[in-house]
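Student: Hi! Could you walk me through this one?
Tutor: Happy to. Let's get it up on the screen.

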Amino acid sequence: MAQLTMIQAITEALKTELKNDENVLVFGEDVGNNGGVFRATEGLQKEFGEDRVFDTPLAESGIGGLAIGLALQGYRPVPEIQFFGFVFEVMDSISGQMARMRYRSGGSQHAPVTIRSPFGGGVHTPEMHADSLEGLMAASPGLKVVIPSNPYDAKGLLLSAIRDNDPVIFLEHMKLYRSFRQEVPEEEYTIPLGKADVKREGTDLSIITYGAMVQESIKAAEELEKENYSVEVIDLRTIQPLDIETIIASVEKTGRAMVVQEAQKQAGIAANVVAEITDRAILSLDAPVLRVTAPDTVFAFSQAEEVWLPNAKDIVETAKKVLTF
Amino acid sequence: MAAKKSQQFDPVKTLAEIEEKFEMFQILNEEGEIVNEEANPNLSDEDLQELMRRMVYTRILDQRSISLNRQGRLGFYAPTAGQEASQIASHFALKKEDFILPGYRDVPQLIWHGWPLEQAFLFSRGHFMGNQMPEGLNVLPPQIIIGAQYIQATGVALGMQKRKKDAVAITYTGEGGSSQGDFYEGINFAGSFRAPAIFIVQNNQYAISTPREVQTAAKTVAQKAVAAGIPGIFVDGMDPLAVYAVTRDARERAIKGDGPTLIETFCYRYGPHTMAGDDPTRYRTSDIDSEWEKKDPLVRFRKYLESKNLWSEEKENEVMEQAKEEIKAAIKKADAAPKQKVTDLLGIMYEEMPFNVKEQMDIYKAKESK
């Protein structure tokens, strides 16, 4: 089995599905000959031709609308938005159009589009490149939102996303692209959307998280173990829809929970998870459900990035508040 | 030594020269006379009569829709009178396999493409069954976001090109829509891919109340095609033969692999923007209305057909009666549709219901069974 980075696992998934399904099309800015600015589509145009893997003019709304039109001709488009900070340019195509395709057609049409896009802090990108905007997507009925935390999951989740008949926003954390390798099987496998993964079992506290914060949460859990706390870490993998069963089962077991996200605090995924827990399991709770998030500012690119981003230390600190409440 | 001015590129002169070239294309004048014989599409007598029949029918549909709306029997409605040549004659150049991406005023083209009237009425009432297009009907329901259909049309056209279909995607917006980013992205992407698309801008002079001059400094919308590197044409949108001819030509080019065309139809809507409270007297005078009424597409086409002995008052009355009957029957059918429920909507959000939708389905099923 090959040791792959997350970006290599993503390329493999794209290659697998381009091979499997002639209706899969990969397109976006610089994804053709150049193989994408992060090389996610490296070699794909050469292997599958310009008809299946192609560059578009530089306009995100255009890319989104193109995907909708191609879906109406029976294709399974996998467009790339070069950086997810550019999503504001394509909000109508995503939230206003493809998310509503079933509604607008009275259920007679659908838009099996998978939008891939890099995001996330810690790699010193310019402004509007790193912001965690998944909350915007999760607030749009009709979309699914997936954020893998490692190479193995990235491949299995991307294959599921492309095969899904609803539009999926597939967000790839830039810091995870090449930060570590993992064994990734060459054969195809899928990981179901909407299923969380218990990364680490524990009995005292449930940390519910996703994306790059999974690594930080595991680090924090290991730190807390030294002080004899048994911490469970749940990687949501899909943030819309949530895997409510896994979350609630864990909270009912541990009686204490916290949610960790890289996004700013206001109106985000973490708030949604907290609300679901209090709706469904308040009598199992021995402490308030706290959150570790970034502050409510726009992404602090470059200068204050390291302080702005939540880390294992922040998680340990908040975990102790929950554990000792 | 300073370069001689005559040798320099003169951007002001170049612009003036380009704008001058976008003259209005016309075949049939206001008097119903052919003024451009070499461009005459020479439609058969049957086709000429059919085109007239559809325009008369559509005018009646518009009148009835307005009155049904006033009676509270229709919901959202954008009047179409005055735009019959732009809408019906451009559609007349299409084939069944062509795909229409309409704006919200473009209900008539969908109906002539095969959208059952009662479904158009259900759409107007916001009922999701209105939008369930019959199998094989190549259309999207009317788009509400101005211009969004333009870039989607490029996607459909690119898909047709990849599928090697002998068909085109055609989309409609107004001159207000030509100010949107999606308009430029749509025509530019289509040009870049040489996609078989036809982009129609029905320049009806006002985007709600905002006059044409406020939308752009460009003399015509059609000339915007130049920047996208595609052909553009400025056509008399009250002249059915001219609109038909340019759309037919655009379709032929697209099918041949010569890419998209932008068509600006210069026209007028007699009615308000929509039936939701717009009052045109706040931004137009009755003098302007009557100037445009002289150009009416039905009047000039009737004159032309009468001069060829192809039309009569009797024929026109027949069409009007038929339209009224069919509209009456369609409204009856629409009335019989079951009331839309929240559970209907919950059921079509995803292919499979996620947990939250499932839970809400149970809640609303209980509410609706009370």
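Student: Which residues of chain A does UniProt list under "domain: Transketolase-like pyrimidine-binding"?
Tutor: The unreviewed UniProt entry puts that feature at residues 4-179 of chain A. Keep in mind that we're looking at a predicted model. Over residues 4-179, chain A is 35% helix and 16% strand, and the end C-alpha atoms are 11 Å apart.

Student: And how many helices and strands does chain A have?
Tutor: Chain A has twelve helices and 14 strands. Its C-alpha trace spans about 60 × 45 × 40 Å along the principal axes.

Student: What about the surface of chain A: how much of it belongs to carbon and sulfur atoms?
Tutor: Carbon and sulfur atoms account for 47% of an accessible surface of about 11,800 Å².

Student: Let's go inside. Which residues touch the most other members of the largest nonpolar core?
Tutor: That core has 80 residues, and the ones touching the most other members are A:Ile94, A:Ile169, A:Ile208, A:Leu236, A:Ile247, A:Val273 and A:Ile277. Leaving out residues up to four places away in sequence, A:Ile169 touches A:Phe84, A:Ile94, A:Ile115, A:Met137, A:Leu143, A:Lys144, A:Val145 and A:Val146. Another core, of 61 residues, lies apart from it and includes B:Leu74, B:Trp115, B:Phe123 and B:Trp311.

Student: OK, chain B then. Where does UniProt list the "coiled-coil region"?
Tutor: At residues 313-340 of chain B, again in an unreviewed entry. That stretch is 86% helix and 0% strand, with its end C-alpha atoms 42 Å apart. Helix H13 of chain B covers residues 313-336.

Student: How does the span of H13 in chain B fit 1.5 Å a residue?
Tutor: Its 24 residues should span 34 Å, and the end C-alpha atoms are 35 Å apart, so the model agrees with the expectation.

Student: Which residues of H13(B) are buried, and what do they pack against?
Tutor: The buried ones are B:Glu316, B:Val319, B:Ala323, B:Ile327, B:Ala330, B:Ile331 and B:Ala334. They pack against helices H2 (45-70), H5 (117-124) and H12 (297-307) of chain B.

Student: How many residues of helix H3 in chain B are buried?
Tutor: Nine of nine, over residues 84-92. Among them are B:Glu84, B:Gln87, B:His91 and B:Phe92.

Student: One more: what is the phi of A:Asn228?
Tutor: Positive, about 70 degrees, although A:Asn228 is not a glycine. A:Asn228 lies in the loop between helix H8 (213-225) and strand E11 (231-235) of chain A, and is exposed at 70% relative accessible area. In chain B, B:Asn309 has a positive phi of about 60 degrees and lies in the loop between H12 and H13.

Methods
Residues numbered from 1 in each chain as written. Chains lettered and ligands numbered in written order. Predicted model: local features only at pLDDT ≥ 70, side-chain atom pairs only at ≥ 80, totals over all residues. Heavy atoms only, no water. UniProt positions renumbered as here; feature names shortened; annotations may be inferred. Helix = DSSP H or I, 4+ residues; strand = E, 2+ residues; numbered from the N terminus. Expected span 1.5 Å × (residues − 1). Buried < 20%, exposed > 50% of the residue type's maximum accessible area, 1.4 Å probe, protein only. Contact = heavy atoms within 4.5 Å. Core = buried A, V, L, I, M, F, W, Y, C linked by side-chain atoms within 4.5 Å. Areas by Shrake-Rupley, 256 points an atom, 1.4 Å probe, with all protein chains shown as cover.
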